[in-house]
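Please open the model in a viewer and keep the sequence at hand.

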Amino acid sequence: MGRIYPEIDARLTSFVEAQPVFFVATAPLDADGHVNCSPKGNQGAFTVLDDHRAAYLDLTGSGTETIAHLQENGRIVLMFCAFVGPPRIVRFHGTGEVVPLGDPRFDELLERFTRNVGARAVVIVSVARISDSCGYGVPVMEFQRHRDNLDHWVETQGADGLVSYRAEKNAESIDGLPGFAEVLPQA
């Protein structure tokens, strides 16, 4: 039977930070808009900040749905599933804040994660509801490794290439909401 927790305690922190993958879901306010659910590899990209806040490193990708939705309405849920060991699902419902590259807080927050040159933002989640459920329907799977494709792609782009890519591919969501805004560095 699922439980509601008053805070993110040490036991929950240990569980969520140990999961090699977690899922982020957001939605626009428009009922015709697209709900988004994104898997995130957790190779030092997620951390619990305190008993009601968590954060993850947002990496450059082909879309910007999460960022666009958070900027519009802030609603977010993070989900962690046990794929090995006892079955369990933990969800953090709350509101998210995007701390993009260039924000004075970005570099300080970045120190809490494993360095990744593809980072475009840190998402801070103020957690209002912490719950778990049985996870009986989640399959048992063996984790093999994190993929390195994104790391190699980022290396081929270089810093200016990443800025250009984000300006082209991450400027707005699939529903036309403002996404990731970044200014090209001046020479």
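**First stop: Arg88**

Select Arg88, which counts as buried because its relative accessibility is 11%, under the 20% limit for that class. The model in view is a predicted one. Arg88 is placed in the loop between S6 and S7. Display its side chain together with that of Asp132: the two make a polar contact at 3.3 Å. Beyond its neighbours within four places in sequence, Arg88 is also in contact with residues including Tyr5, Leu12, Phe15 and Phe80.

**Second stop: the nonpolar cores**

Next, select Val16, Phe46, Tyr56, Ile76, Leu78, Phe80 and Phe92, the residues with the most contacts inside the largest nonpolar core, which has 26 residues. Elements that each supply at least two residues of this core include helix H1 (10-18), strand S6 (75-81) and strand S7 (89-100). Strand S8 contributes the most, with 5 residues. Now centre the view on Leu78; leaving aside neighbours within four places in sequence, its contacts include Phe23, Val24, Val90 and Val125. A second, separate core has 12 residues, among them Leu109, Leu110, Val122 and Ile124.

Finally, select Pro39, Lys40, Gly41, Leu59 and His146, which lie nearest the centre of the largest pocket. This pocket holds about 1300 Å³ of space and is lined by 42 residues. Colour the lining by class to see 14 nonpolar, 18 polar and 10 charged residues. Strand S3 (36-41), strand S5 (53-59), helix H2 (65-72) and helix H4 (149-169) each provide at least two residues of the lining.

Terms used: Residues are numbered from 1 along each chain as its sequence is written. This is a predicted model: local features need pLDDT of at least 70, side-chain atom pairs count only at pLDDT 80 or more; totals for chains, interfaces and linings use all residues. Side-chain values use heavy atoms; hydrogens and water are left out. On a 1 Å grid over the protein atoms alone, a cavity is a set of points where a 1.4 Å probe fits but cannot get out, and a pocket is an open set with protein on both sides within 12 Å along at least five of seven lines; lining residues have an atom within 4 Å of a point. Grid points are joined across faces, edges and corners, and a volume is the space filled by probe spheres set on the points. Helices (H or I, at least four residues) and strands (E, at least two) are DSSP runs, numbered from the N terminus. Ala, Val, Leu, Ile, Met, Phe, Trp, Tyr, Cys and Pro count as nonpolar, Asp, Glu, Lys and Arg as charged, and the others, Gly among them, as polar. A nonpolar core is a set of buried Ala, Val, Leu, Ile, Met, Phe, Trp, Tyr and Cys residues joined through side-chain atoms within 4.5 Å. Buried means under 20% relative accessible area, exposed over 50%, partly exposed in between (1.4 Å probe, protein chains only). Contact means heavy atoms within 4.5 Å. A polar contact is a pair of N or O atoms within 3.5 Å; within protein, one must be able to donate a hydrogen and the other to accept it, and residues adjacent in sequence count only if both atoms are side-chain atoms.
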